[in-house]
Amino acid sequence: MKNIKKKVEDEIAGGNIHCNSSCAYNPCHFKGQNCTFCYCPFYPCHDERLGYEVPSEKLGSVWSCEDCLLIHRDFFVEDVMGTIEKEGLKAGDPRMREVFEDAVGRLWRPGKAVMVVGATSDAGKSMTVAALGRIMLRRGYLCAPFKSQNMSLNSRVTSKGHEIAMVQMLQAQAMGLTIPDFHMNPILLKPKGNTMSQVVVEGKPFGDYDVPGYYNDFVPGPGRDIVRRNIEFLKNRFDYVIMEGAGSPAEINIYDRDIANMRAAEIADADCILVVNVEWGGAFAYAIGTVELLPTEDRARIKGIILNNVRGDPEKMRSGAEELERRCGIPVIGIVPHVDVQLPQEDSEAFRGVKTRGNGSLRIAVVKLPRIANFTDIDPLYTEDTTVVFADCPEDILSADAIVIPGTKNTVDDYMWLVSTGIADAIKMMRGKVPILGICGGYQMMGAELVDLKGIEGREPGTYAGLGLFDNLSYWEKYDKRVVRDKAELVDGGGAVEGYEIHMGMSVVKEKPLFNITSFGRKGEVEGSVREDEMLYGTYIHGVLDKPAFRKKFISLIRSRGERPAEKVCETEDYNAFVDRNLDLLADAFESGLDMKRFLEIMGVRE
């Protein structure tokens, strides 16, 4: 405590330093944060709008302010710093409390919620939220994404070890946040097949529900309270909470039980923007039908309509937009042009009916597992000189220059599919000829045995032979899920990787490890498997290709067997930087198509 007090005093003595970009941890909360008070002079404030008590083994409980962002806002720092310097206050001075309460009373306001709803599924809601968040970030506002209920097998792990949908992580990145957490996606549904889904609540498994059980028991039970407490948490910390609906807000068969759209908007007191994907055709009918199906009180929340994804000249939509305004009584606030950006896709529907992606010289077969999960692991490959083939037959494997076996929601069942299709035998035939990478469930399949001791996922207990590329054994004996973030380095010293683990089952590893774990408190642990002489690589770490080190190593092993030789491997970059540039391109397209005056009026901004 004395050390912290000294640091606070040193910061105050040093004056207002604003954003300390030279700090190795910057930004630790959000882009452009004010770093003057790295150590808060008001701790513990005990203001329940900004923090909360957490359990402590030694003290019973302690005040946590790790989610408070007020102390890193320019306007707040400049205000309190002026008073501290004028009064000559130091850390621990009782008058600091008065300074804090006075400043909070004058400067703190709960944030405003705005919700993006779609006339259909795939209307572009997720990307609209990301774009609007980036636009507001550029204007100096602090925003957070929120989706009360998301159904996706594409999830990621927060810094605190909670599981949320990948797309909320992407939206948080668009808004300049480095600390996405479960509040941004408090309910995650992970389909397990046969109408059953695992329900993840506030980042942790809650239970399995079928459709009737979810809508009849979960939603009217804990569901609404979960939405309420998390939206309030975010409104207490951000200028804006930009919410995303799910599917359509006018699903009249479940309207009274839906907590993903207008009921969530009601809880948050959110104004709404309706987005329509013009590329689908019938955009005006979708928009009018959606608005007319909404009850009067919910219809009043729709403050603007965006015609999204317009190919060609957006002005050709102008007359239709004016007629839409006349019929609905709601302004069309944007006609947004189509823009080619490379961003992670939310679910596997993105490559339904798509056989290949890219036109590079290196042909990489990614096994298109029936229950594929966390498939954004392969996205960084699209930035290289590659053609990615979504392999669903042995011929795709046998003609490949490299093979990736991705993650899955059900390792054993998807491995049985590999065997039945002949893909398993094709992969074995390519052993030692091309690089093979298994990630999570794909890594488990590469082992010698898959042992289900408890009949997980509804199977009879049993032992199944794996691909036998490694001597490892993977087993399932309980329903526990491992959810953890990883930092690691290649064992051979080839560089760092960073990602996360989300998996059922564990592995008994009998191979040389691929990585040394460097995460805090876990140094000395190893992870993954490698047989370099046979170009075999396996890991539980999702996101293993995001950082340059391992992606460059894997690409360098590939030798084109096609008609044209592989081009020289470029200097591979961090995939997050690539995504960030594309988020800017997305925001540029939206800003060019939006009536910014009308949009900012909906946001409550006067310029």
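Reader: Before anything else, what do buried and exposed mean here?
Author: Buried means under 20% relative accessible area, exposed means over 50%, and partly exposed lies in between, with a 1.4 Å probe and protein chains only. By that rule Glu202 is buried, with a relative accessible area of 18%.

Reader: What kind of model is this, and how are residues numbered?
Author: This is a predicted model, in which local features need pLDDT of at least 70 and side-chain atom pairs count only at pLDDT 80 or more, while totals for chains, interfaces and linings use all residues. Residues are numbered from 1 along each chain as its sequence is written, and side-chain values use heavy atoms, with hydrogens and water left out.

Reader: Back to Glu202, where is it found?
Author: Glu202 is found in the loop between β9 (196–201) and β10 (204–210). Its phi is positive, about 50°, although Glu202 is not a glycine. Helices (H or I, at least four residues) and strands (E, at least two) are DSSP runs, numbered from the N terminus.

Reader: Which other residue has a positive phi without being glycine?
Author: Met535 has a phi near 60°. Met535 is placed in the loop between β30 and β31 (536–539), and it counts as buried at 15% relative accessibility.

Reader: How many helices and strands does the chain have?
Author: The protein chain has 17 helices and 31 strands. Buried residues make up 55% of its 607 residues.

Reader: And what is its radius of gyration?
Author: The protein chain has 26 Å, which agrees with the value near 25 Å that a compact globule of 607 residues would have. The radius is taken over C-alpha atoms, and the globule rule is 2.2 Å times the number of residues to the power 0.38. Along the principal axes, the C-alpha atoms fill a box of roughly 75 × 65 × 50 Å.

Reader: What is Ile187 in contact with?
Author: Contact means heavy atoms within 4.5 Å. Leaving aside neighbours within four places in sequence, the contacts of Ile187 include Ser148, Val199, Tyr214, Phe218, Ile226 and Ile259.

Reader: Switching to helix α8, which of its residues are buried?
Author: In α8 (residues 283–293) the buried residues are Ala283, Ala287, Ile288, Thr290 and Val291. Seen down the axis of α8, they fall within an arc of 160°, so they line one face of the helix. That arc is the one of the directions from the helix axis to the C-beta atoms.

Reader: What do those buried residues pack against?
Author: They pack against β12 (271–277), α9 (296–299) and α10 (318–328). The face of α8 turned away from the buried side carries the exposed residues Ala285 and Glu292.

Reader: Now the sheets: in what order do the 7 strands of the open sheet run?
Author: The order is β15-β18-β16-β19-β21-β31-β30, with mixed pairing. Two strands pair if DSSP finds at least two bridges between them. β15 (356–357) and β30 (529–531) stand at the edges, each with a single partner strand, so one side of each is left without a neighbour in the sheet.

Reader: How is β16 joined to β19?
Author: Strand β16 (residues 362–367) runs parallel to strand β19 (residues 402–405), and 3 bridges join them. Ile364 stands opposite Ala402 in β19.

Reader: And which strand pairs with β14 over 4 bridges?
Author: Strand β13 (residues 302–310) pairs with β14 in the parallel sense. Ile306 stands opposite Gly334 in β14. Strand β14 (residues 332–337) is mostly covered, as 5 of its 6 residues are buried.

Reader: Last topic: where is Asp452, and is it buried or exposed?
Author: Asp452 is in strand β22 (residues 449–452). At 1% relative accessibility, Asp452 counts as buried. Apart from neighbours within four places in sequence, Asp452 is in contact with Arg459, Pro461, Gly462 and Trp476.
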